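Subject: Structure for you to look at

Dear colleague,

I am passing on the structure we talked about, and below it you will find some notes on what turned up. Please keep it open while you read, so that you can find each residue as it is named.

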Amino acid sequence: MPIVVFDMDDTLYVETTYVQSGFQAVCTWLTEAFGIDSRDALRVMNAVLHAEGRGKVFDRVLTEYGLFNRTNVRKCLTAYRLHQPQIVLDEATLPCFERLRVEFPLYLVTDGNKIVQANKVAALGLDEWMRFCYITHRYGRYHSKPSPYVFHKICAREQVAPQDVIYVGDNPHKDFIGIKKEGFRTVRIMRGAFKDVELREEYEADIRIDSLDELTVPFIEQLTGRGNM
Ligand SMILES: [Mg+2]
């Protein structure tokens, strides 16, 4: 029986909405702790985000207000990681779950900070749809993607071969390279930060889609070699 496994960030919902929700939480803390105007702080953070990426945002915003030290950086990180995310599934996601779940077991495989990812899973209500949500860092960092470790756990749990397992993800740097060579089927959704990235063949998925609307029961059956081609 085919098994359908989903990535979470930028596959099921738009990841930048999580980042904004986290920045908002940090701004709330900056207001409460230092009386800083939260809209002003948010503007600074987004300017840094666009200019330099996510890594230095908290350092820079604290420096801007003369508050940069290790304790405050840590507090920003804590506010960001522990906040209750204000995020929602994409329009196409629930209908996709609804039609596929009738036929196939669904799973989630996601990398990232354990608490952050667990809060996202809860905010998106994914436990209701998935037979199990694998947050790879729970098994040790070295088992995060591209490691096939948790994918093999899914095979063992469902008593199926890799050829019966489809992974749907958006990041060609790590979502497909580790599992494709072991026989897993792969689908790349062309969206998010990586949508224009073109890598060598071994990093590519078997097939590309633009929307989860394209994931239908016959599509899954064909990809696992069970449908009539
Ligand atoms: Mg992703």
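Please bear in mind that this is a predicted model. If neighbours within four places in sequence are left aside, Asp59 is in contact with Phe68 and Val73.

Next comes the metal site. The magnesium ion has as its protein donors Asp7 (OD), Asp9 (O) and Asp170 (OD), which lie 2.1 to 2.2 Å from it, and along the sequence these donor residues follow the spacing D-x1-D-x160-D. Asp7 sits in the loop between strand E1 (3-6) and helix H1 (15-34), while Asp170 sits in the loop between strand E4 (165-169) and helix H8 (177-180), so the pair ties together parts that are 163 residues apart in sequence. Both Asp7 and Asp170 are buried.

Finally, there are the nonpolar cores. The largest has 55 residues, of which Phe6, Leu100, Leu126, Leu212 and Leu215 touch the most other members. Helix H1 gives the most to this core, with seven residues, and the core draws at least three residues from each of domain 1 (3-14 + 89-223) and domain 2 (15-82). Apart from it lies another core, of 14 residues, including Val150, Ile154, Tyr167 and Phe184.

With best wishes

Notes
Residues are numbered from 1 along each chain as its sequence is written. This is a predicted model: local features need pLDDT of at least 70, side-chain atom pairs count only at pLDDT 80 or more; totals for chains, interfaces and linings use all residues. Side-chain values use heavy atoms; hydrogens and water are left out. Contact means heavy atoms within 4.5 Å. Donors are N, O and S atoms within 2.8 Å of the metal (3.2 Å for Na, K and Ca); water is not among the atoms, so sites may look incomplete. Helices (H or I, at least four residues) and strands (E, at least two) are DSSP runs, numbered from the N terminus. Buried means under 20% relative accessible area, exposed over 50%, partly exposed in between (1.4 Å probe, protein chains only). A nonpolar core is a set of buried Ala, Val, Leu, Ile, Met, Phe, Trp, Tyr and Cys residues joined through side-chain atoms within 4.5 Å. Domain bounds come from an automatic or database domain assignment.
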